[in-house]
Amino acid sequence: MPTPHIEAKSDEIARVVLMPGDPARAQWIAEKYLENPRLVSNVRRICCYTGTYQGQTVSVMASGMGMPSIGIYSYELFSRYGTEAIIRIGSAGAYTGDLKLRDVFLAQAAWTQSSFAREQNLDSSSWFYPSEHLNQVIMRASAADGIRPVCGALHSSDVFYHEAAADAELKKLVQENHLLCVEMESAALFHNAAVLGREAACLVTISDDAEGGKMTPQERETSFDDMARLALDAAAMYLQEEEQKTGK
């Protein structure tokens with residue numbers, strides 16, 4: 001059942017989808033980690049690949065940048081394609097010196113000033129939350145992998161470039177809400193999952209530290225191995241556990 005934004009057939013997208021923002025990163029993950037990856041959608045060059053990982057069918061689909069973009073794709077995956085769980089895998093900028101370049105961070109909550117949820121269903125909340133169950137699966141997978149993510153609350157922002165006049169207010173809000181890093185998608189993803197009764201989580205790799213250190217664009221595309229492996233292992237574990245529950 002194609003949508004205006006996804007051209008895959010109804011059985012070509014998996015029950016669990018990994019969603020990096022960058023299409024190049026989605027292609028890199030699919031080609032490096034999936035067995036027999038197939039390009040099942042490429043509308044507007046927002047690619048979706050489906051293949052197998054540890055014997056489980058998994059899809060990797062780009063979300064684009066920002067909450068409106070991931071809001072469209074995640075809503076259609078959840079509501080039209082029967083996707084049960086989405087794990088966002090992306091990059092984030094650190095607000096604290098305790099987070100270093102290449103650290104993996106698991107969101108336990110997302111705080112936002114965005115109007116996305118209010119416009120979508122009149123939800124005026126500022127805090128949005130991942131699936132506790134999916135986060136637990138990720139933590140079990142992390143223990144098996146030896147990859148221990150930092151956990152906490154992040155800022156899900158609509159704005160990448162802030163003018164100087166907004167800096168003082170932003171720093172105040174970061175401190176008041178104990179936000180450890182910033183990205184631009186997870187609040188909308190968590191909101192859509194809650195609205196539609198699905199599961200969502202967010203893993204990010206720190207690509208910009210609080211001291212001004214930055215990954216290059218090339219490093220952002222290909223240096224997130226720990227995060228990608230952890231998300232894939234969690235996806236496989238989630239599907240294996242669901243099979244055990246249902247006997248299918």
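**Notes on the fold, starting at a hairpin turn**

1. Gln54 counts as partly exposed, because its relative accessibility is 45%. On that scale, buried means under 20% relative accessible area, exposed means over 50%, and partly exposed lies in between (1.4 Å probe, protein chains only).

2. Some ground rules before going on. This is a predicted model, in which local features need pLDDT of at least 70 and side-chain atom pairs count only at pLDDT 80 or more, while totals for chains, interfaces and linings use all residues. Residues are numbered from 1 along each chain as its sequence is written, and side-chain values use heavy atoms, with hydrogens and water left out.

3. Back to Gln54, which sits in the loop between β3 and β4. Its phi is positive, about 50 degrees, although Gln54 is not a glycine. Most residues other than glycine have a negative phi. The hairpin of β3 and β4 has two residues between its strands. Strands here are DSSP runs of E with at least two residues, helices are runs of H or I with at least four, and both are numbered from the N terminus.

4. Now the strands themselves. β3 (residues 48-53) and β4 run antiparallel and are joined by six bridges, with Thr52 standing opposite Thr57 in β4. β4 also pairs with β1 (residues 16-19), this time in the parallel sense, over two bridges; there Leu18 stands opposite Val60 of β4. To count as paired, two strands need at least two bridges found by DSSP. β4 covers residues 56-61, and five of its six residues are buried, so the rest of the structure largely encloses this strand.

5. Leu122 is another one to look at. It lies in the loop between α3 (116-121) and β7 (127-128), and its phi is near 65 degrees, a positive value in a residue other than glycine. Leu122 is exposed, with a relative accessible area of 73%.

6. Met67 belongs to helix α2 (residues 67-80) and counts as buried because its relative accessibility is 1%. Leaving aside residues up to four places away in sequence, Met67 touches a set of residues including Thr112, Phe116, Ser156, Met184 and Ala188; contact means heavy atoms within 4.5 Å. Asp158 is also one of the residues it touches. The C-alpha atoms of Met67 and Asp158 are 7.1 Å apart, although 91 residues separate the two along the chain.

7. Helix α6 (residues 186-196) is mostly covered, with eight of its 11 residues buried. Among them are Ala187, Leu189, Phe190 and His191. Just after α6, Gly197 takes a positive phi of about 70 degrees.

8. As for the whole protein, there are eight helices and 10 strands. The radius of gyration is 17 Å, close to the 18 Å that the globule rule gives for 248 residues, so the protein is as compact as a globular protein of that length. That radius is taken over C-alpha atoms, and the rule is 2.2 Å times the number of residues to the power 0.38. Of the 248 residues, 54% count as buried. Among contacts between residues at least 6 apart in sequence, 77% join residues at least 24 apart.
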